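Take a moment with the sequence and the model before reading on. The text below walks through a few local details, then the sheet, the cores and a pocket.

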Amino acid sequence: MEISDDENDGPFENPKEVDHRSTANGMKFIDEVLNGPNERCLDSVRMDKHVFYKLCDILQAKGLLRHTNRIKIEEQLGIFMFITGHNLRTRAIQELFRYSGETISRHFNNVLNAIIAISLEFFQPPGSDIPPKIREDPRFYPYFKDCVGVVDGMHIPVMVGVDEQGPFRNKIGFLSQNVLAACSLDLKFHYVLAGWEGSAPDLRVLNSALTRRNKLQVPEGRYYLLDTKYANMPGFICPYQDATYPLQDCSHPQDAKELFNHRHSLLSSTTDRIFAALKERFPILMSVPPYPLQTQENGLQMNDTLPPVEMDQPMMPIENQIPGFDFESEQLESSSRLRDSIAAEIWNDYISDFSTA
């Protein structure tokens, strides 16, 4: 990665008007954060001190970042984390770190590219063990023993030129990216696909994740949970579309489908929690970022470049067929039978327990 010359890393004021103490404000500030209580570090740079230092060491060891004459790696990473973790604009970072807007912008992009370069190393595929959240809860075990996690999408605000806004306008009228994520039940990301326009149907985004070069992998014989905007298919289990259930209380389910949907929702709500935690830690995701589209995609993109999007009618699953997916009817019927067997097992045990209570 190319790093600009050290002489470009000067403070944003005229050097003749700033004493040495002012020019050192940025590094002094980071030193105070890193030498202070861990709680301050967590609040300032959104990670524990040992994690911050470890990340700096990794980026340096891989040659992705290096100290410059004026700005150490810790300060470069600090600039990046303050922008993403506090949604601060360049001018505010200038005042805090005492560097020019060009210097701030350059180091932000350097760190962003460095993080992208190592990001895939931190995505762990699902393991072979039954997730503890399922194994230790009789509401879920043994019924969902083959579940490895949850897949869902979220819309992240995006800023694009007027001529490009059409495809990015989602169904509620806002400009966004449609971002798909697969995560474990203990709130760890398995996979992230960013960059699709906000108007892209969720099934189309999922299909892209399953067919691209760096694709979402589903272990043989296992599955992810999906919500009702997707479809029941091999490797994925959705709730029943024709069964309603109370979200907060399902103490008196009427049938197997309703009880299944409720248990399913308790597990699939994992994505709500992980998305909420992500947005709380990085509030830049909640507002329209003043960066080029490619930079906005890079902030979320953990995979290769997306293909062009061809927009047409939203894909809706129909009987024995899911447009855009290369599944045989027998495969879809097998997926339905799997869901039915899980629902029946849950219901039979529920009735048995209820009758003996």
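**A walk through the model**

L187 is partly exposed, with a relative accessible area of 33%. This value, like the others here, comes from a predicted model. L187 sits in the loop between β2 (176-183) and β3. Its phi is positive, near 65°, and L187 is not a glycine. Most residues other than glycine have a negative phi.

R46 also has a positive phi, of about 65°, without being a glycine. Look for R46 in the loop between α3 (38-45) and α4 (49-61). Is R46 buried or exposed? R46 is buried, because its relative accessible area is 17% and the cut-off for buried is under 20%.

The next detail concerns a peptide bond. Most peptide bonds are trans. The bond that joins Y141 and P142 is cis, with omega about 10°. P142 belongs to the loop between α8 (132-135) and β1 (147-157).

Now turn to the sheet. Five strands make up an open sheet, ordered β3-β2-β1-β4-β5, with mixed pairing. Which strands stand at the edges? They are β3 (189-197) and β5. Each has a single partner strand, so one side of each has no neighbour in the sheet. The partner strands β4 (residues 223-225) and β5 run in the parallel sense and pair over two bridges. Here L225 stands opposite I237 in β5.

Next come the cores. In soluble globular proteins, nonpolar side chains tend to be buried together. The largest nonpolar core in this model has 44 residues. L77 and F97 have the most contacts inside it. Helix α5 (residues 73-86) supplies the largest share of this core, seven residues.

Last, consider empty space. Rolling a probe the size of a water molecule over the atoms shows where such space is left. The second largest pocket holds about 550 Å³. It is lined by 26 residues, and those closest to its centre are V218, R222, P234, G235 and F327. Three elements each supply at least two residues of this lining: α10 (202-211), β5 (236-237) and α14 (329-356). Which of the elements gives the most? It is α14, with four residues. By class, the lining of this pocket has 12 nonpolar, nine polar and five charged residues. Strand β5 thus joins two parts of this walk: it stands at an edge of the sheet, and it supplies residues to the pocket lining.

How values were computed: Residues numbered from 1 in each chain as written. Predicted model: local features only at pLDDT ≥ 70, side-chain atom pairs only at ≥ 80, totals over all residues. Heavy atoms only, no water. 1 Å grid on protein atoms, 1.4 Å probe; cavity = no way out; pocket = protein on both sides within 12 Å on 5 of 7 lines; lining within 4 Å. Points joined across faces, edges and corners; volume = space filled by probe spheres on them. Nonpolar A, V, L, I, M, F, W, Y, C, P; charged D, E, K, R; others polar. Core = buried A, V, L, I, M, F, W, Y, C linked by side-chain atoms within 4.5 Å. Buried < 20%, exposed > 50% of the residue type's maximum accessible area, 1.4 Å probe, protein only. Pairing = 2+ DSSP bridges.
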